[in-house]
Amino acid sequence: MSALRKMLNLPPKEPKGGDEGIAAAADASTEAQEPRAVEGRGTRAPAALGWAEEEESSGRSAARKAGRVAIWLVIGLAAFTGVRTWIFPTKPPAPVEQADPQAEARKNNVPEAEAQQVAARFARSYMNWNAAAPDARAKELEADLAKGVDPKLGWNGSGTQLVAQTIPGTVTQVGGKRARVRVDVRVSVVTGSGKNQRTATSWRGLEVPVAQGNGRVVVTGQPAMVGMPTAVGYKAPDSPESDAQLAGLTRDTVKDFLKSWASGSEDQAAAPGADIEPLGSGLALDALDAWVVDVGSGDKRAGTATVRWKLGGAQIQQTYQITLTKVSASSASRWQVEAVSAKTA
């Protein structure tokens, strides 16, 4: 403990009652053990009477001071943080899960795939009517309507209209397991009779209200006709420069391929390993109106072909992007068609 008191720079401990006698006896015993001075031989140095204090080196002094500072720091830290926290450290709080508002909102959405399927089927029945068989329309509509909704849905029971095609589109979620589904419907309207009978076809836009309930999606009420999208402007990127020489060398190659493609023997005119699906019967090449090869290099080159087909008693012009590849055999080489696709403007 004396070393600790020394490090903390505390005053020496004073002896308690009764300790003085013990100290005096110790001093007497020490004096008895020391030889007395012999006359004529001088006396011993004062240091021989007891332990002489040695001067403390600078290194030991610095170490003692550093130890004293460390001990006081530990005591101060314990007082500041509390000894209890050292023995029973507090557990960190559990991480708080951040709520995802979009995820919560999606829980109230109608399943899109099922909503589109139901709306497309319903739109076909809804836009298809015949005054001669009104009950057939109502029976079809009841399969997708919520119970209690009148299957006539505003139709007065007259007229004739046929549906050729339905295309489901955007599903607009409105919350609470409800949504609106856009459906484009291709209809044919028959007017007149006999020699004066006419059929007019057109596209109609329809929005169908749906909701999810009792395990499935149902139509909740009358749909509404809405407008069809209109054309917008588009600026195509500039066309690449053309390679007139290669276009002249490969024009007959492309024309022969198109003839074979229309006749169903495209494998004979295409490059080895090319995977080009047949066009089907009833099509014939009328003319290769234009063939332009883009400037480039290497054994693969791209070009644009403007083709006129004969189909259904008419002529129809289409534009293709054709990829050519150079095929070598022995010392000879030639260009052949490797791929055909629609031209992207």
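## Strand pairing around S4

Arg180 stands opposite Pro209 in S4. The two strands concerned, S3 (residues 178-191) and S4 (residues 198-213), run antiparallel and are joined by 14 bridges. Strands here are DSSP runs (E, at least two residues; helices are H or I, at least four), numbered from the N terminus, and two strands pair if DSSP finds at least two bridges between them. The hairpin of S3 and S4 has six residues between the strands, and Gly192 in this hairpin takes a positive phi near 75°.

S4 also pairs with S5 (residues 216-219) in the antiparallel sense, over four bridges; Val210 has Val219 in S5 as its bridge partner. Two residues lie between S4 and S5 in their hairpin, where Asn214 in the turn has a positive phi of about 55°. With S6 (residues 224-226), S4 forms three antiparallel bridges, and Gly205 is partnered by Val226 in S6.

## Basis of the model

The model is predicted: local features need pLDDT of at least 70, side-chain atom pairs count only at pLDDT 80 or more, and totals for chains, interfaces and linings use all residues. Residues are numbered from 1 along each chain as its sequence is written, and side-chain values use heavy atoms, with hydrogens and water left out.

## Helix H8

Helix H8 (residues 244-263) contains 20 residues. A kink of about 45° is centred on Thr250, the bend being the angle between axes fitted to the seven residues ending at a residue and the seven starting there. Gly264, with a positive phi near 90°, follows H8.

Definitions and conventions
Expected span 1.5 Å × (residues − 1).
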